[in-house]
Amino acid sequence: MYEMLKKLNGVVSPTGQEEAGSKVVAEMIAPFVDEVRIDPIGNVIAHKKGNGKRVMFAAHIDCVGLMVTYIEDGGFIRFAPLGGPRPDTMNGARVQFFDGTIGIVCKDDAFTGSVTYDKLFIDIGAKDGDEVKQKLRIGDYATFDSPLYQLGQSRLVGPYMDDRLGIVTLIKAVSELKNCPNDLWFAFTVLEEVSSAGAKTAATQIDAEYGVAVDVIFCSDVPDAKKDGPRDIQLGKGPAIKYMDRLTISSPKVNRLLEAAAERKGIALQREAHNIGGSDSQEMQRALGGMYATTLSIPLRYMHTPAEMCEISDLEDTAAMLREFMETEIK
Ligand SMILES: [Zn+2]
């Protein structure tokens, strides 16, 4: 999974501009499925044929990023966020534009108040606005250009664990399948960070009976985090089954199937219930006649910053329980 994450880390694929990401993900899953295609909105749809129930898995390709809104005469670039990168963590971040241009997110040194997007700008080392305009225009986009690396014995850090962890755990699971009693569909979706529009169109095409979105969840195991909620999630304690978030109440039926798969493999689970956020499962529940859908969440610290952190054992456990779930016929 580390090699796949490394490869994806070099891909500039912010929400709404996922073409490069879709291409790489389609290539990654192709050896392990019967069919793979990219739909008009940019979702990668992959099919692993089986005779049983139609089951859809989703993980989103898009990630948070920036879009150029204005180029100052002095050579500084104003931007709008794509999705929700956290402005308080962006000062000093290195970014890469779609054409390879590198820049740094900056603010006025004298400004010490709370950092909002309008206090930030990007410096690409240009002497003036004309030099910037030779390379970039309004509407061009960038993502964090931060390395992916191991930290300590068992943790990985990188800018886009959300939701590349979902992508690589699903691909690992399908790559190791020994049998396929259910009819499996994989949607690597676009636009999750802003609307889950990709999940909606993918779910409509696939029309499955069961659905699992694999995404990430904030941790509460850092200093000053409220331990009494809205969540109680820790790194290294296993994937979390989602029971509720702001936009969905998960299907008890699918949750029971996931819990049973984890129990058969001896994998510890965490429980996630709160009233913030959402995931692709909200659109999966609503598509066509609806499907029994839930979210399996991988614990993540420092979400939507250039340095998101996860625990390797959580990835391994997530992939192993997904494989067990896939290999068990749904009656
Ligand atoms: Zn996500």
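What spacing do the donors of the zinc ion follow along the chain? The spacing is H-x101-D-x52-D. Before you click, note that this is a predicted model, where local features need pLDDT of at least 70, side-chain atom pairs count only at pLDDT 80 or more, and totals for chains, interfaces and linings use all residues. Residues are numbered from 1 along each chain as its sequence is written, and side-chain values use heavy atoms, with hydrogens and water left out.

**Stop one: the zinc ion**

Select His60, Asp162 and Asp215: their atoms NE2, OD and OD are the protein donors, lying 2.0 to 2.3 Å from the zinc ion. Donors here are N, O and S atoms within 2.8 Å of the metal (3.2 Å for Na, K and Ca); water is not among the atoms, so sites may look incomplete. His60 sits in strand 3 (residues 54-60) and Asp162 in helix 4 (residues 161-175), so this pair ties together parts that are 102 residues apart in sequence. Helices (H or I, at least four residues) and strands (E, at least two) are DSSP runs, numbered from the N terminus. Both His60 and Asp162 are buried; that means under 20% relative accessible area, with exposed over 50% and partly exposed in between (1.4 Å probe, protein chains only).

**Stop two: helix 2**

Now pick Ser22, which is in helix 2 (residues 19-29). Ser22 counts as buried because its relative accessibility is 2%. Show its side chain: it reaches the backbone oxygen of Gly42 at 2.7 Å.

Is Val25 buried or exposed? With a relative accessible area of 0%, Val25 is buried. Beyond its neighbours within four places in sequence, Val25 is in contact with Leu8, Val44, Ile61, Ile167 and Phe188.

**Last stop: the largest pocket**

Select Glu192, Glu193, Gly277, Gly278 and Ser279, which lie nearest the centre of the largest pocket, out of 24 lining residues. Strand 13 (210-218) and strand 16 (292-300) are the elements that give two or more residues to this lining. Strand 13 gives the largest share, four residues.

Methods:
1 Å grid on protein atoms, 1.4 Å probe; cavity = no way out; pocket = protein on both sides within 12 Å on 5 of 7 lines; lining within 4 Å. Polar contact = N/O pair within 3.5 Å; in protein donor to acceptor, adjacent residues only side chain to side chain. Contact = heavy atoms within 4.5 Å.
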